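Here is a friendly walk through some ring contacts, a sheet and a helix. Have the viewer ready and follow along.

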Amino acid sequence: MHIRKFLSAIFCLLSLTASLSGQDVTALEKIGPVTGFVRNESGLTLTCQDNSQVRLTILAPDLIRVRASFTKSLPDKDHSWAIAKTDWPAVRWSVREDAAAITIVTDEIEVVIHRSPLLLEFRDARTHETINVDEQPMAYDARGVMTERLFDPKAGRMVVASKKLGFDEHFYGLGEKASRLDKRRDSFVNWNSDTPGYTEGKDPIYQTIPFYLGLNRGVAYGIFFDNSYRSYFDFGHSSQQRAWFGAEGGELNYYFFYGPALKKVVSRYADLTGHMPLPPLWALGNQQSRWSYYPDTMVERVVREYRERDLPLDVVHLDIDYMSGYRVFTFDAKRFPDPRALTERLGRQGVKLVTIVDPGVKHQPAAAGAPPPSPSRPELGPHDQRYYVYDQGIEKNYFQHRQNGELFVPKVWPGESAFVDFTKPAASRWWGDLHRAYTDSGIAGIWNDMNEPSDFVDQTGKNQLDVVSFDEGENSTHAKNRNVFALLMARATYEGLQRLRPDRRPYVITRAAYAGIQRYSTMWTGDTNSTWEALALNIPMFTTLGLSGEPFVGSDVGGFIGRGNPELLVRSYQISFLAPFCRNHKVIDGYDQEPWRFGKPYEDIIRRYLKLRYRLLPFLYTTLEEAHRTGVPLFRPLMLNYQDDPATYNLDDEFMIGNDLLVAPVVKPDVTQRLVYLPKGVWYDYWTNRKYEGGRLIRADAPLETVPMFVRGGAVIPLGPEMNYVQEKPLDPITFAIYPDEKGSAAATIYEDDGLTPDYKQGAFRRTAISVRQNGAGYTASFSTPEGSHRPGARTFILAVQSERASLQTKTITDNGSARTVDVK
Ligand code: MIG
């Protein structure tokens with residue numbers, strides 16, 4: 001039964017791809033020309049001959065917002081669910097004009113507004129070189145020439161911006177796309193869609209992040225088109241003249257970011273749409289899932305296997321079958337009679353439980369004469385006569401309705417269901433508070449699924465077009481709200497967890513998303529296949545998500561759908577052991593693929609990588625904190641670190657963690673060697689310490705037990721002790737593996753905090769900097785006075801200078817948190 005429903009969901013997907021990408025955007029009505037402008041403190045408002053208005057707002061010297069309203073004035077209302085920061089400090093800027101143009105000048109950008117035709121040109125303020133320029137004026141579909149091809153012709157008119165395509169321009173970002181790293185020559189649609197078993201090229205899939213980066217002759221810029229309607233991005237697919245983006249309604253409203261460094265653009269994007277808060281440290285632990293582990297004794301058996309086999313584990317996920325009849329915020333009384341006792345037993349073994357929560361609330365009017373639910377623990381049932389969540393949602397009018405006033409009744413796992421209108425503040429708050437059902441039972445995190453929102457009646461969204469959301473009083477329809485549904489559900493969840501457990505960092509995982517999701521949730525890449533093709537996609541997808549503001553990413557280890565095999569599982573772990581989210585998960589009718597399922601040789605290799613992950617936690621956590629603070633992701637494409645090296649622009653079968661660790665996984669069967677590109681500089685083979693001069697391809701050994709891995713000369717990698725679970729032991733000793741560069745120097749920082757509470761936001765962390773230089777035949781290492789108020793106590797530091805020689809130079813010291821200099825000989 002479940003299987004059939006699931007397969008039918010797969011087959012429902014075929015009609016999703018009606019596309020506008022072949023569309024001729026030159027046929028649209030162009031805005032302008034400019035007839036005048038008014039200036040205020042933060043920018044200019046242009047008026048046009050066609051009564052249109054265009055507003056350019058200077059938010060920062062490298063960040064300009066463009067907002068256009070066609071044939072009428074800009075509305076006063078200005079609202080977006082994505083934007084985190086609206087008050088920007090005043091910026092120094094000036095404006096000058098001549099007959100042909102009005103020019104805004106900041107310390108970093110010049111925006112030349114050509115009056116007729118109205119073309120926006122962004123230039124570097126120092127070199128005056130063009131970074132990005134309109135290929136035609138901003139346009140809208142005044143005459144409805146595209147209307148027939150729109151997904152929802154009733155909801156709006158196309159709005160489009162079109163940019164000249166650089167001869168050698170590369171494109172990155174756009175969030176979750178089943179495509180390669182460089183998006184040039186491709187085109188994309190954003191319309192959150194449940195797409196099980198997606199393969200490369202499938203589009204759209206689950207998420208909408210309408211933010212991309214351009215890299216033109218080594219110079220980077222970014223564009224965030226903040227419009228939640230179904231949107232389109234064409235990076236030179238339909239024509240080599242232009243890269244264009246547009247949406248089926250709403251405003252032409254975008255933000256232009258200037259680098260020239262990629263990292264600066266990504267960082268500013270995080271300022272605008274929000275920085276990822278730190279999840280609990282255990283979220284970096286190994287996680288295990290299955291659709292579905294039940295009853296409770298099965299969950300405990302999985303944990304026992306992990307412990308008996310000496311495999312580290314932090315989290316087990318409960319998929320939909322833990323609930324009573326798929327009713328969210330309930331537990332099945334037979335399968336999980338005492339969830340609190342279960343989480344306590346698992347907790348003693350260092351294991352946390354995460355429960356799935358879908359948006360579909362079972363449509364279940366109370367039976368006549370049904371007894372009232374238990375006031376204290378209604379989640380424990382019984383639920384067959386009445387279901388408290390449905391009752392409350394109906395009573396308070398929190399569910400979505402159709403335009404004619406009828407309750408909207410989609411079909412999802414519980415059968416007929418209702419969806420919450422998360423645009424209603426009170427409904428969101430209620431939903432967040434319902435999570436008490438989990439926190440009271442000791443559930444540690446929440447997994448949001450099906451939040452596109454998926455509807456078995458019709459996966460394209462056509463069945464939902466007349467569903468109305470409150471939307472700040474606009475009472476707008478699905479066309480505008482679909483793509484933000486998951487964002488708002490994740491926000492309700494995150495804020496609910498914050499209220500319920502203020503001294504704990506919330507941990508939320510989501511499938512669907514809109515820009516800004518990183519403020520509330522981590523993510524995984526949905527229902528992948530257990531195939532080599534799907535595994536190869538892990539790398540460009542994780543790196544692309546990182547460039548798009550979502551640093552905490554991962555994919556079902558071993559693949560979700562179909563039969564895995566031992567080689568694929570091992571190679572999959574050899575990528576995911578360094579991904580922020582490392583979780584093995586499998587579909588209901590799939591084949592078991594826990595690390596031990598294929599026998600000892602494979603289990604032994606997997607153990608080696610999981611143990612290495614735990615030893616690398618200080619390094620991973622330091623890079624994660626950098627992602628939180630700066631927005632620069634930890635799981636990086638090489639081009640993010642080596643922007644001046646064109647050999648990295650299309651490179652997506654390698655990745656880096658932070659600045660220091662380069663990994664070249666194997667994503668094909670029967671391979672025992674592969675070519676690895678090493679950028680300029682010195683590199684050390686992680687396994688052998690063999691040294692390489694970069695700026696070239698090398699051939700690396702990659703038998704099944706080995707993933708080629710290299711450390712940048714100049715890096716210091718902090719390693720902790722082996723652990724069965726995160727924080728099983730204090731971080732003692734910490735080994736600093738030192739990899740000197742060509743001058744004999746190396747440097748790093750290590751970040752630590754309590755890993756659990758939000759106190760790090762108030763300075764309760766420790767950041768220790770170490771720098772090493774050659775000193776005769778040995779080395780001198782200096783530790784700075786640590787920053788922050790976190791006090792880990794005295795512990796041992798082992799300094800180990802890496803070299804090709806068999807014996808390393810090492811030194812052991814006691815760290816008591818003070819600055820010091822030591823010789824390593
Ligand atoms: O219709 O909850 O992506 O991870 O196991 C399928 C059951 C619903 C899809 C998720 C998958 C999960 C499954 N869910």
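Phe331 and Tyr438 are both buried. This is a predicted model, so every value below is computed from its coordinates.

**Aromatic pairs**

What kind of pair do the rings of Phe331 and Tyr438 make? Their planes meet at 75 degrees and their centres are 5.9 Å apart, so the pair is edge-to-face; the cut-off for that class is over 60 degrees. Phe331 sits in the loop between strand E21 (315-318) and helix H4 (339-347), while Tyr438 belongs to helix H7 (residues 436-439), so the contact ties together parts that are 107 residues apart in sequence.

The count of aromatic pairs comes to 56. Another of them joins Phe188 and Phe235, and this one is tilted, with 55 degrees between the planes and 6.3 Å centre to centre. Phe188 is in strand E13 (residues 187-190) and Phe235 in strand E17 (residues 231-235), so this pair ties together parts 47 residues apart in sequence. Phe188 is buried at 4% relative accessible area, and Phe235 is buried too, at 2%.

**Charges over rings**

Two arginines lie over the faces of aromatic rings, as listed here.

| Arginine | Ring | Distance from ring centre |
|---|---|---|
| Arg563 | Tyr591 | 3.9 Å |
| Arg608 | Trp687 | 4.4 Å |

Strands of a sheet pair through backbone hydrogen bonds, in either a parallel or an antiparallel sense. Here, eight strands make an open sheet with parallel pairing, in the order E32-E30-E27-E22-E21-E20-E34-E33. At the edges stand E32 (522-523) and E33 (556-557); each has a single partner strand, so one side of each is left without a neighbour in the sheet. Within the sheet, E20 (residues 287-288) pairs with E34 (residues 583-584) in the parallel sense over two bridges. Gln287 stands opposite Arg583 in E34.

**Helix H13**

Helix H13 covers residues 617-630, which makes 14 residues. From first C-alpha to last, H13 reaches 19 Å, close to the 20 Å expected at 1.5 Å a residue. Is H13 largely enclosed or left open by the rest of the structure? Twelve of its 14 residues are buried, so H13 is largely enclosed. Among the buried residues are Leu617, Pro618, Phe619, Leu620 and Tyr621, as well as Glu625 and His628. Just after H13 comes Gly631, with a positive phi of about 85 degrees.

Methods:
Residues numbered from 1 in each chain as written. Predicted model: local features only at pLDDT ≥ 70, side-chain atom pairs only at ≥ 80, totals over all residues. Heavy atoms only, no water. Helix = DSSP H or I, 4+ residues; strand = E, 2+ residues; numbered from the N terminus. Expected span 1.5 Å × (residues − 1). Buried < 20%, exposed > 50% of the residue type's maximum accessible area, 1.4 Å probe, protein only. Pairing = 2+ DSSP bridges. Phe/Tyr/Trp six-rings, centres within 6.5 Å; stacked < 30°, edge-to-face > 60°. Lys NZ or Arg CZ within 6 Å of the ring centre and 35° of its normal.
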